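Hi everyone, thanks for making time this morning.

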Amino acid sequence: MSKPLRFPLLLGLTALLCACLTGCGSKQTLTVYADGDYISQSVLDAFTEETGIEVTYVTGSRTPEAEEETLFEDTSTQTAASAVQEALSDNGERDPYDDPYSGMTLVEILQSTRDASIAEAEEKAAKKGDASVGEIEYDPAVYDVILTDGATLGELIENDLLLPLDLSQVTNRKNINAEYTGLDYDPDARYTVTTMWGMLGVLWNTQLVEEQLTSWDDLWNEAYAGQIIMPDSLRDCLSVALLSLEKYPNATKESTLNAAFDKLEEQQALVADYSNRDAFFLMQNNRAALYPCFSGDALSMMSENANLAFLIPSGGTCRITFGYAVAAASQYSEDAMTFINYMCSATNLAKNAVYSKYSLTSDLAIEKLDDYWSSNPVAYPDESILTGTQIITTFSAENRALVNARWAQLTGQTTDNDTDTETEEGDTST
């Protein structure tokens, strides 16, 4: 993820630093990272009460910002475009809850721990005049348990940043449907447990959009200039552009990926901002008209604003998955697997699904939902909508270099990645 990872408001930097140091305090503490606020505090509390294991819970850039009391106070005169700009302006003030890993992806954060340990071991070996590094004592992991999207999990696996799961401990993985086990980013099902999914669509405000939306191209409609929020996620935006071009979201051809970024550049003048966190409050407060997002986030926003509706455009959709894993450098790996096993009981899967609004990968857990959720057409659409939809997976290294460079250009970031990539075969139109 390109955005800073942040803490819930009740958590501070001290809590995370203590959790990362061996022997800090009399009780061991697991540090659990999730892309968004996907785990109910009541379930976390029940886990601690049952096991005695304390949890420091950290959420990432898919978690909404806390709403400021003065935001949108001038509702009588503000246009949607001006309110968007006001909401996204920080007036130069630094967010006190920014964490120390600002601007780093999850892969880079875990790599930094590993690379620092290797560098320290090499330095010690050099001082001893030893040609070999020998056994490396890794520093404690920044996070012990990770709940992130499948594409990121695949990249973590590629970089040896996850531990294989001990299935004698994670026995509740049996609750997960077979179709969500052994996905492309973890084909041998060694490292991950996939617990949630969502489908991509367009969230729109029926009071600000005068006509019924039908296609992804509505996000390129000049009538909504300054009222469109795009996700601050390379993969989310790229999926939108590829679907608008009637291409698969997991396309691999260099020409197709470049065409999708060209499409995003055409849209750029219409976009108020690329944001995940602020989008929640802009949409909930009738201050933005359009926001492509996944169904779980859409349901969260729709529950706060009756003016919002969710559309699966005629060009089709794709799915995102989220799964648990254990960081390779975790010093509490057994407790981390105990945590994952606890969260994967059918009851706790259901509780966290209702809390997060994302869809379940377990029929056993779905049976524990009430009719409102189990029959919700956004959470559990008709099978005809899902037929043929791709689950977003991990880019190849070559594709990653290309898309990272183009994303940096689009969002005004800088990158050292080489954009010269080889064309891969196998891309197909939808």
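Predicted model: local features only at pLDDT ≥ 70, side-chain atom pairs only at ≥ 80, totals over all residues.

In soluble globular proteins, nonpolar side chains tend to be buried together. Here the largest nonpolar core has 122 residues, and Y143, L290 and F339 touch the most other members. Strand 4 gives the most to this core, namely 8 residues.

Let's stay with F339 for a moment. Leaving aside residues up to four places away in sequence, what does F339 touch? Its contacts are L30, V32, I39, L44, F47, V55, V145 and Y324.

That takes us to the first helix pair. Two packed helices are described by the angle between their axes and the distance between the axes. For helix 2, residues 41-51, and helix 10, residues 333-343, the axes come within 11 Å and cross at roughly 125°. The two helices are therefore oblique to each other, and their crossing is right-handed. On the helix 2 side you'll find V43, L44, A46, F47, E50 and T51, which meet T338, F339, Y342 and M343 in helix 10. By class, that contact has 7 nonpolar, 2 polar and 1 charged residues.

Now for the second pair. Helix 6 covers residues 234-244 and helix 7 covers residues 254-267; their axes come within 9 Å and cross at roughly 100°. That makes helix 6 roughly perpendicular to helix 7. Helix 6 brings L234, C237, L238, A241, L242 and S244 to the contact, while helix 7 brings T256, L257, A260, F261, K263 and L264. Sorted by class, these are 9 nonpolar, 2 polar and 1 charged residues.

Next, an arginine. R173 sits in the loop between helix 5 (150-158) and strand 4 (193-205). Is R173 buried or exposed? With a relative accessible area of 14%, R173 falls under the 20% cut-off, so it counts as buried. Not counting residues up to four places away in sequence, R173 touches L165, L167, A189, R190, T192 and V193. R173 and T194 are 21 residues apart along the chain, and their C-alpha atoms are separated by 8.7 Å.

Last stop: helix 8, residues 277-284. This helix is mostly covered, with 7 of its 8 residues buried. Those are R277, A279, F280, F281, L282, M283 and Q284. Just after helix 8, have a look at N286, which takes a positive phi of about 60°.

That's my tour, and I'm happy to take questions.

Key
Residues numbered from 1 in each chain as written. Heavy atoms only, no water. Axes fitted to C-alpha atoms, helices over the stretch in contact; angles between N-to-C directions. Helix = DSSP H or I, 4+ residues; strand = E, 2+ residues; numbered from the N terminus. Parallel < 35°, antiparallel > 145°, perpendicular 65-115°, else oblique. Contact = heavy atoms within 4.5 Å. Nonpolar A, V, L, I, M, F, W, Y, C, P; charged D, E, K, R; others polar. Buried < 20%, exposed > 50% of the residue type's maximum accessible area, 1.4 Å probe, protein only. Core = buried A, V, L, I, M, F, W, Y, C linked by side-chain atoms within 4.5 Å. Left-handed = near helix turned anticlockwise from the far one by under 90°.
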